Amino acid sequence: MEQQDLNKRLLLALVLSFFVFVGYSYFFPVEQLTPKQTTEAKTTANTHQTPTVSTTTSNTAAPVASTTPTSAAPVQDAVPSIATLKSDHFIMTIDEFGRIAQVELLEKKYQTEEGENLKMLGANVVKPLEVRFSDAALNEEAFKTPYVNAGNKMVNVSKGTQTLTLTQTLSSVTLTKRITVKPTGEYKVTIETSNPKAYFITPGHRPMADTSVYMLVRGALVKTSDNIIKTIEDGDAEGVEKFEHAKIASAFDRYVASMFFDFDKGMNVSILKEANGDPLIFVQGENTLTLNAYIGPKNERVLRAINPELTDAIEFGFFSFLSKPFFKVLLWINDFVGNWGWAIILFTLLVKLILFPLSYKGMMSMQKLKDLAPKMKEVKEKYKGDPAKMNAQMMEMYKKHGANPMGGCLPMILQIPVFFALYRVLLNAVELEGAPWILWIDNLAQMDPYFVLPILMGASMWFQQRITPTTMQDPLQEKIFKFFPVIMTVFFIYFPSGLVLYWLVNNLFTIAQQYFINHMYAKQKEAAVLAHKKTKD
């Protein structure tokens, strides 16, 4: 295949793949349940299916819970509360079944568009710290028997750790649940049974704190004993997933999570499949079980202060291998400049500097290809009946003039994973929620309300095309690339302004880089002409 055609087709494939990746979340948004489906989902969520203990045993590990469910009496969401814990950052409500019924975030940055505090947990879904017994009859009794709070109903954790002790007395066992809560949202739960009974405890259905249609990863995350991150997205649960000695089990949304963790002994984790295919995490226990836990925003510094390994619960999707180091660099830059907008701009400059040597070679190659375009056309016409000879002549011409037909693609190829990785960071990093830049941009995690940045980004793309040399001769490909800035502008209108800012600044730096390379190439050509004249003289 002719190298120049390969070059053009590769560029076209990259553009189309970009549209597929970015456009999917808009043309195929998260499915919204109809009222009937919602009722069915709520009914199933409240019909508490209990994982049963597998009879398989191991010499090295405790039995892992099976996900074969049994039915129990449904529990409605409107359950009376028996305790309220309040800190400077949240209000946590405990209901009479010993569950975290609601967590209300008090920081202004998490407020809804109506100015109300964000409530993390959805209605009529399984709540954190719900305990289910393996014995179906005992489990049914448990959901008819409320817990008793032995202490104060109002607990202030603003100035330090506080412990809540709850007791549930059943016909054959007494269960004691101690919840020790810290001001940050970190807590520890200890469950004791008066005699051996197999049970399970859950961090609950994933928090429902975000309703955007961005292409996000939501569901369950498990860090296994061999440090592998397993993510089961909403709708993808099979109901048979089991993990022995797992380190982290997290039910997570875009910015928030409810998680258990144990980095010493690990946890035996089972995933239950809900009616809509969403994953529901359960940890197996018997007699005394102590779990470390956290519920709240996935703030990197908060999680790192609890345990550095806990930052693995911040999931950036497929491009995590790039997103995580990018995020660390952005954090470092933000610490220095104190503004996430300027941090993004400096990060963009850093990326351009790192990629400059490759960009320089690629852009120089494109300049040479542009100059060679008339000769290439002549070769095509001359050898159009002999493709092998035509390609041989073309390759000889490339070699003679030091032009690489693939060189112009390399900077774009490198930009694609960089963009997607940063896309994940700017979508999922809670630090950007409510983070202002300048003037009207008061939240880099939300779209530009006046569309200024997307329009400027589209204009910069158009201008960049005008000054970038091209050898494109296919009319269809040329039309696609001419409309590329318009299409990108439409897509970027609804993107987080932080991401649009990155792309706009990247375009501006690329324009400056193109002017510099155009100048350098003109000087090289001038020097070559002078050298040729001297040789002739």
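Trainee: Why is Trp437 counted as buried?

Mentor: In this predicted model, the relative accessibility of Trp437 is 14%, and buried means under 20% relative accessible area, exposed over 50%, and partly exposed in between, computed with a 1.4 Å probe on protein chains only; Trp437 therefore counts as buried. Because the model is predicted, local features need pLDDT of at least 70 and side-chain atom pairs count only at pLDDT 80 or more, while totals for chains, interfaces and linings use all residues. Residues are numbered from 1 along each chain as its sequence is written, and side-chain values use heavy atoms, with hydrogens and water left out.

Trainee: What makes Trp342 partly exposed?

Mentor: Trp342 has a relative accessible area of 40%, so it is called partly exposed.

Trainee: Why is the pair of Trp342 and Trp437 called edge-to-face?

Mentor: Rings of Phe, Tyr and Trp (its six-membered ring) pair if their centres lie within 6.5 Å, and planes under 30 degrees apart count as stacked, over 60 as edge-to-face and the rest as tilted. The ring centres of Trp342 and Trp437 are 5.6 Å apart and the planes stand at 70°, so this pair is edge-to-face. It links distant parts of the chain, with Trp342 in helix α6 (residues 340-382) and Trp437 in the loop between α8 (409-428) and α9, 95 residues apart.

Trainee: What makes the pair of Phe492 and Trp503 tilted?

Mentor: The centres of Phe492 and Trp503 lie 6.2 Å apart, with 40° between the planes, and the pair is tilted. Phe492 belongs to helix α10 (residues 475-492) and Trp503 to helix α11 (residues 497-536), and both Phe492 and Trp503 are buried. Together with Tyr423, Phe495 and Tyr502, they form one aromatic cluster.

Trainee: What makes the link between Asp234 and Arg206 a polar contact?

Mentor: A polar contact is a pair of N or O atoms within 3.5 Å; within protein, one must be able to donate a hydrogen and the other to accept it, and residues adjacent in sequence count only if both atoms are side-chain atoms. The side chains of Asp234 and Arg206 are joined by a polar contact of 2.5 Å. Asp234, in the loop between β13 (229-233) and β14 (242-246), is partly exposed, because its relative accessible area is 24%.

Note on methods
Helix = DSSP H or I, 4+ residues; strand = E, 2+ residues; numbered from the N terminus.
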